[in-house]
Amino acid sequence: ENNNQQKQFEKAKKTYTFFYGLLAGLVRKLYRVEVINPNNEPLDQNFIVACNHTGAADGVIICACMKNQIRFMSKKELFKVPVVGAFLKAIGCYPVDRKSSDITALRTTINLLKDNDCVGIFPQGTRKPGIDPSTSGVKNGVGLIAARSGADVLPVAIKSKSGKTQMFRKNYLIIGELVPNEEYDFETNKGSEGHQKVADRIWADICKLWVDTDIENAE
């Protein structure tokens, strides 16, 4: 099954490259995205992108603005929608059951990272538009994935005046500095409690990017 999945993902890389060339520039224009600190994105390694979640377009914006192919879990219901499901599969997304703890999706994420792919994660688990992200708690999932995969983490924040990504409005994508996996000290931070501590640390990094970016004068 893993072999089969790997072949699917390899095929998806070509499809992703095609659609990236076709649509990425258009997405950036439609959402008027300004990328802050684009040079913080590493181009020679894999990593976890961890970002706050404001709207349905967040994943699309991240993919359109970053140079690496970022793979995202998408809720399994979307894969049942004609055309949408086929498109998501084609670009390398994979399903997650958000109503239960989906071990298969977790395992897929860890395997992708071990195979040197980049994976995008929203630590909040679901969209939380219109709020200061620091008022939102996070689950320990991102800490668990960082522990099991050994991958470094790239904190990223999305910010806009309305508090959610919208077309024709200015949206900011702020890329933080890569945090090496060893900084999370998984020797000490073990088990669900340790993974929660790491998730909270990752979340604090994302919130700092959000707070430190002044968009008062954004149109």
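What is the volume of the largest cavity? The largest cavity holds about 30 Å³, in a predicted model whose local features need pLDDT of at least 70 and whose side-chain atom pairs count only at pLDDT 80 or more, while totals for chains, interfaces and linings use all residues. Residues are numbered from 1 along each chain as its sequence is written, and side-chain values use heavy atoms, with hydrogens and water left out.

A search of the whole structure turns up one cavity of 30 Å³ or more. Here a cavity is a set of points on a 1 Å grid over the protein atoms alone where a 1.4 Å probe fits but cannot get out, whereas a pocket is an open set with protein on both sides within 12 Å along at least five of seven lines; lining residues have an atom within 4 Å of a point. Grid points are joined across faces, edges and corners, and a volume is the space filled by probe spheres set on the points. The lining of the largest cavity consists of Asn-52, His-53, Thr-54, Gln-124, Lys-128, Ile-131 and Pro-133. By class, this lining has two nonpolar, four polar and one charged residues, where Ala, Val, Leu, Ile, Met, Phe, Trp, Tyr, Cys and Pro count as nonpolar, Asp, Glu, Lys and Arg as charged, and the others, Gly among them, as polar.

Two or more lining residues come from each of α1 (2-30), α2, β3 (70-75), α3 (84-90), α4 (103-114), β5 (118-121) and α5; helices (H or I, at least four residues) and strands (E, at least two) are DSSP runs, numbered from the N terminus. The lining of the largest pocket divides into 29 nonpolar, ten polar and seven charged residues.

Helix α2 (residues 58-65) is mostly covered, with seven of its eight residues buried. These are Asp-58, Gly-59, Ile-61, Ile-62, Cys-63, Ala-64 and Cys-65. Buried means under 20% relative accessible area, exposed over 50%, and partly exposed in between (1.4 Å probe, protein chains only).

Helix α5 (residues 141-149) packs against helix α6 (residues 191-212) at an angle of about 105°, with their axes 7 Å apart. The two helices α5 and α6 are therefore roughly perpendicular to each other. Axes are lines fitted to C-alpha atoms, for helices over the stretch in contact, and angles run from 0 to 180 degrees between N-to-C directions; roughly perpendicular covers 65 to 115 degrees. On the α5 side, Val-142, Gly-143, Leu-144 and Ala-147 meet His-195, Val-198, Ala-199 and Ile-202 of α6. The residues of this contact divide into six nonpolar, two polar and no charged.

Val-156 belongs to strand β6 (residues 153-160) and is buried, with a relative accessible area of 0%. Leaving aside residues up to four places away in sequence, Val-156 touches Val-49, Ala-50, Cys-51, Asn-52, Leu-173, Ile-174, Ile-175, Ile-206 and Leu-209, contact meaning heavy atoms within 4.5 Å. The C-alpha atoms of Val-156 and Phe-47 are separated by 12 Å, although the two residues are 109 residues apart along the chain.

Two loop residues have backbone angles worth a look. Asn-116, in the loop between α4 and β5, has phi near 70°, a positive value in a residue other than glycine, and is exposed, with a relative accessible area of 58%. Asp-185, in the loop between β7 (171-175) and α6, has phi near 50°, a positive value in a residue other than glycine, and is partly exposed at 33% relative accessible area.

Conventions
Angles under 35 degrees count as roughly parallel, over 145 as roughly antiparallel, 65 to 115 as roughly perpendicular and the rest as oblique.
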